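Welcome, and please open the model in your viewer. We will go from stop to stop, with something to select at each one.

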There are 2 protein chains.
Amino acid sequence: MGKKIVAALFVAFIIVLPSFSQPYHQYIDPFIGSEGEGHIFIGPSVPFGMVKPGPDNNKYSNSGYVSDSLVPIFGFSQIHVSGTGGGAKYGNISLMPYTGQFDMYDEGSIFCDERAETSYYGVKLKKWNIDVELTTTAKASFHRYVFSLGKKGVKVDAGAFLDEGNLPDSREAQHLVGSEIEIVSDYAVRGYNRVRGGWNNGTAYTVYFYAEFDQPFESFGTWKGNDVFKSVESQADTGEKTGAYMSFGENSSDTVQVKIGISFLSSLKAKQNLESEISHWNFDRVLNEGQNLWEEMISRIEIDESATYEQKVMFYTGLYHTMLMPVDRTGENPLWLSPKPYYDDFYALWDTYRTSHPLLTLITPSRQADIVNCLIDIYKFEGYMPDARSGNYNGRTQGGSNADVLIADAFVKGLPGVNYGTGLHAMLKNANIPPGGNEEKEGRGGLTDYNSLGYVSTRFVRAGNRTLEYALNDYCIAAVAKGLGRNGEYRRFLKQSDNWKNLWRDIEHEGSRGFIMPKDAAGNWVDSIQCDRKDGRVSYVQYDPLAQEWPICVCWWCGFFYEGTSWEYSLFVPHDVPGLIDQCGGSNAFQKRLDTFFENSYYNVANEPSFLSPCLYHWIGRPELSSKRVHQIIDDNYNISRSGIPGNDDSGSMSSWLAFHMMGFYPNAGHSYYLLNTPYFKETVIHQENGNDFIIRAENLSENNCYIQSAILNGKSYNKAWIEHNNIVAGGELIFIMGSKPSSWGHEIMPPQDIK
Amino acid sequence: MGKKIVAALFVAFIIVLPSFSQPYHQYIDPFIGSEGEGHIFIGPSVPFGMVKPGPDNNKYSNSGYVSDSLVPIFGFSQIHVSGTGGGAKYGNISLMPYTGQFDMYDEGSIFCDERAETSYYGVKLKKWNIDVELTTTAKASFHRYVFSLGKKGVKVDAGAFLDEGNLPDSREAQHLVGSEIEIVSDYAVRGYNRVRGGWNNGTAYTVYFYAEFDQPFESFGTWKGNDVFKSVESQADTGEKTGAYMSFGENSSDTVQVKIGISFLSSLKAKQNLESEISHWNFDRVLNEGQNLWEEMISRIEIDESATYEQKVMFYTGLYHTMLMPVDRTGENPLWLSPKPYYDDFYALWDTYRTSHPLLTLITPSRQADIVNCLIDIYKFEGYMPDARSGNYNGRTQGGSNADVLIADAFVKGLPGVNYGTGLHAMLKNANIPPGGNEEKEGRGGLTDYNSLGYVSTRFVRAGNRTLEYALNDYCIAAVAKGLGRNGEYRRFLKQSDNWKNLWRDIEHEGSRGFIMPKDAAGNWVDSIQCDRKDGRVSYVQYDPLAQEWPICVCWWCGFFYEGTSWEYSLFVPHDVPGLIDQCGGSNAFQKRLDTFFENSYYNVANEPSFLSPCLYHWIGRPELSSKRVHQIIDDNYNISRSGIPGNDDSGSMSSWLAFHMMGFYPNAGHSYYLLNTPYFKETVIHQENGNDFIIRAENLSENNCYIQSAILNGKSYNKAWIEHNNIVAGGELIFIMGSKPSSWGHEIMPPQDIK
């Protein structure tokens, strides 16, 4: 009897206790992706926050950070990006606490006790036994230093930045343009760092700051170049690196706090930002406010309590990464005034158009509309929407003009508040006017070929993926044109969306027939390219569907494809998969191709071009094979370790890809539907801005019960392996009935071709 | 006996007295060109000076000024350009003294007692009886205000600028981006004005200032937008106009002086510029230093004492105008660091390549080399040399890529210190890579046509003058390529320099046969263009050699020619006049064409395209007819009145054209020779940087004796109507023997074709 009562009470306890899941931000692990290829930024940020203070211990790391406590941290700078590749950007306004005499050449300190959570980073600098903690608001950061014995000092380096080039005009590196520092009082210092270059070879951007300490410093000095000037209050900008150091007296507290306002307009504006965002000295209050902002965002999607800890961490960290960038710099645009919002650090749309922006469209459609309107505004003021942008400068464009996809995706999903009329103008600018120069900044390179020949020929680099991506971009123009009643453009661009076929060569490789291959301007297939001239010989690389002539024969950006092979890219026709299947010789041949692709590891998990490919089985009526591929890829490559992201996160792209698949549905950007797959969670609830909830349930879900037997949408039987955005927006419930054997669910009806 | 002694003494007195001519800067009249079309800036400047403080009384005037004392002056701003057309630029950091209460909406004051001389401007503001005087150094201006009775005030407007657009994105207008002001102490105020747009639709530039008064102000206020804040020390940049006003107490002096340091980097740098350039409060000392700088430059060319006062004023004011722009902003480049000099306000090379830069090559070859190296540096850091540039932004390109001509001109004249190797790369960039976008910023618009068809077709605007100017630019590339031993390029571009013939249509007009006419991309001549659609009818404009379809049918920049007709442009083949004469049907037909051109007033004195045309008679062996035309044009159109310049001075172009012709020799930019004509002066001495003097004498010159009978060069008979740059550089003496009848001097030997 006693045992029964205890058991009953126990059961009762479990039933009535509120969910233990919240807050969800406890599941965010900023360290995921900080090792390996992820290049994740580990410091604190608010959602889409302009200021991202974090530890720098490697000048050539894209995040400024390498996960090795024996590599000394040399500073905590205020601006970073997350998940990028290529040359690094930012790393400006670097603060460093130290003990003892100021030493300009001090290399920093190895560290321990590193801890990071939502809106918080902490670490101990072993050299001086100083504990550093960071938190932040959108435009101001808050540092807390707890010193041990010795003379307390803080260095404010207005000259530092990441990835400084050796040569004055080395590509992708950052280069100094100017620097200035000014002691304002015995509490405050202001100044700026002006830098150009970086990954997008951008024109100069300036990061202004206004830093305020919570106690007066006793003495200070400033430096310019290699010269240090004790008690000299300012160093004007004469093109050299400047900075200041301040020492605190014996009677000062062991804990020194400093708040740093940041601006891209001026240091007075940085001061104003600081005063309006952090008007007090309560570190924990700022930390909590940041966590609340994150909680408000990520709790819009709730997963069921029974998900494993690892799943929760993967999912919520995935959402977190998706909302680090682009950054909201409204009111901080040094280039023009506009009533529209201003965002920067699109890094890059080539990556994020596929999953990040579709995910934002669900979580925060109002902000996604702001982002799209910002892209259109950039077209208005500068002439072209970006495909990437950082430091207030467009660039670089790796393939297509993918802002087109964001506009079309918003349009077909009925996202309100977007200026679609001007948006179409912006898309047409991409499609009609060549951008010129090296054609890396914006617009479509090789456009003169594409518009006259119907493909980009080998007289332009990246001719392969450009042709494919322009075909998708043109489909997007057709979709918007059709919706706006512009039939001439609809017909023209629908036709152009077939242009990928102009590069389809009838060759066989590894049992599959037909691949995207290079063609010259006269219409002849190109079989090989020159590679090297050595020892009097000229070597050639044969073009086959696995050829990768970059970066060995030609530069990274100079091959026929960008960061991929023909095996990968020949699966890239998201707007016409049925047409692709035809070209491949029908469903059976296509399935064989897909199987070969995955089994021979031609699939590259670490990059974006093949993001949709695991789901291509849907179009041959075999959604369960898609689910199988997806789960295999995730189980093999994603986890919660520091190297738990298999490639550059690219501003949250890999993370949002993961988050969608864990929920069990996946977008095809530019189209209004989502493909359905086996979820990871028994239940997912999407709380939308319009007040509607959409619930996905997977009944009987288990490791064995991984096959969808049937589905019920809002109480009715549902046998399509895809749903419409409208289904989600309207609210409702989708239930998968899971089982242990493959079924014929979803075999009959293919995803729609919206606009043909 | 008494009278004889007096006469002898008088003669002795005249003989031994030194020349009364100097200083030459007394002949500079800043008012010439301030009325009519000249658009001249009348305030003080040092040679090539970055800071040009001056009176503003019209926001839409290119110089900020209209010569009408009943139009109130509303401020004295620190940055201006001289002689430009189209939308205005600059007019930033505007100071205004006033008496009584500060009134934000005060419209300024009508004026009188206006006086301007070299390095000085003075005027009385009638409303308050305040006398304003301005002088300047390169980077700082010096204002002196003498007040009458009443409370003395000074307004510092950090939000003002010229030609503000009504709509946020109106073309050619300037638009606010930001503004900030900060009271530093009771002596000083700092801040900035950030603006974009203007004639070249440029990206944002920022003018920073640091202003210091010679006595403390008693009270102050600042404003932002429409709100005024008494005693509030600063207004941070939130995208609104800001400013400050300061009032001086009763015990303060009636004379208030203020020095304003300017920078394009920061206000601390502006302060540093101020401290290093004007470390004292002696207005007259700064004025004298400025005048000395001008004297040092213009006295390098000395004309004979017997020239008329009017001639002296025209000539030295001409030299003065030539050296106002471009401006030396070395150390003030907010975009990159470089050991090379940095110049801005090339406004525009399309105008100045013809005469201004050849004149600088004679007067100050070291600076000309700096300018050319700067253009090449801009190519290095931004991708293209400018054809025009202001506000740190290239643009706009009216026709060809004329930095090419500066490089070739320097090369064939053996100008030392120029990086010709990289210069050739920069020229090849223009010739090979289309600039994209609207093709107005830099590079060659329509290049894809020009390089595939051999001409720019009617699918591009300005196809006519672009084709002609590219042909000249290509000749220039050939000249440099040949000199550097690059024979492939030499041959290619020499051939392309004939491309103008591809638009030569065999039609007759007004007795002349053959004109540059529009052709479509299929190779068909175009006879008419659509003009208007009105009342159900479509109207057309027939293309004939006088047609001017802009700006009535199409926009100013959208016609077949830019700012000219076919009659004008069909004479524009500076690199192959013999070839042009052939196309025209030989010498007799060409003379008839020229006579018709001038007698029917098809010649436009007010613009640059026909600059060389009056001298084309040289190529049919009739140099005296060139001289006759030149003198007629000058006598009819140039004088020392306020409207004494017949067209926009365009950064000194009209002025340098005049100066050359008054000396009696005239350049053909891109070639090493000068054409010889009847001078205005009996003697001209050019003192060169290399220490050599070159003297031109015209013996027996008078109004009747205007024909060159013969010439002697360095003691030997000289019968060519042109000389080489080398003749000048080596020093020497050229004597014209003048007479009252035409002779056959110069009829035999034509100017050379350097590189064929």
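## Stop 1: a pair of helices

The helices α11(A) and α12(A) cross in a left-handed way. To see this in the predicted model, select residues 463-483 of chain A for α11 and residues 487-496 of chain A for α12. Their axes come within 7 Å and cross at roughly 160°. An angle over 145 degrees counts as roughly antiparallel, and α11(A) and α12(A) are therefore roughly antiparallel to each other.

Now show the side chains where the two helices meet. On the α11(A) side, pick Ala471(A), Asp474(A), Tyr475(A), Ile477(A), Ala478(A), Ala481(A) and Lys482(A). Their partners in α12(A) are Glu489(A), Tyr490(A), Phe493(A), Leu494(A) and Gln496(A). Sorted by class, this contact has 8 nonpolar, 1 polar and 3 charged residues.

## Stop 2: another helix pair

Next, select residues 356-363 of chain A, which form α6, and residues 365-382 of chain A, which form α7. The axes of these helices come within 5 Å and cross at roughly 130°. That angle makes α6(A) oblique to α7(A).

Which residues of α6(A) meet α7(A)? Look for His357(A), Leu360(A), Thr361(A), Leu362(A) and Ile363(A), which meet Pro365(A), Gln368(A) and Ile371(A) in α7(A). By class, the contact of α6(A) with α7(A) has 5 nonpolar and 3 polar residues, and no charged ones.

## Stop 3: where the chains meet

Zoom out and color chain A and chain B separately. The contact takes 41 residues from chain B and 41 residues from chain A. Between them the chains bury about 2700 Å², with 54% of it on carbon and sulfur atoms.

How many salt bridges does the rule find across this interface? There are 2. For one of them, select Arg190(B) and Glu182(A): their closest N and O atoms are 2.7 Å apart.

## Stop 4: backbone details in the loops

Most residues other than glycine have a negative phi, and most peptide bonds are trans.

- Asp163(A) is not a glycine, yet has a positive phi of about 55°. Find Asp163(A) in the loop between β8 (152-157) and β9 (174-183) of chain A.
- The peptide bond from Gly395(A) to Arg396(A) is cis, with omega near -5°. Arg396(A) sits in the loop between β21 (393-394) and α8 (403-412) of chain A.
- Trp550(A) and Pro551(A) are joined by a cis peptide bond, with omega about -10°. Pro551(A) belongs to the loop between β25 (537-542) and α13 (566-569) of chain A.

Terms used:
Residues numbered from 1 in each chain as written. Chains lettered and ligands numbered in written order. Predicted model: local features only at pLDDT ≥ 70, side-chain atom pairs only at ≥ 80, totals over all residues. Heavy atoms only, no water. Axes fitted to C-alpha atoms, helices over the stretch in contact; angles between N-to-C directions. Helix = DSSP H or I, 4+ residues; strand = E, 2+ residues; numbered from the N terminus. Parallel < 35°, antiparallel > 145°, perpendicular 65-115°, else oblique. Left-handed = near helix turned anticlockwise from the far one by under 90°. Contact = heavy atoms within 4.5 Å. Nonpolar A, V, L, I, M, F, W, Y, C, P; charged D, E, K, R; others polar. Buried area = accessible area lost by both parts, 1.4 Å probe. Salt bridge = Lys/Arg side-chain N within 4 Å of Asp/Glu carboxyl O.
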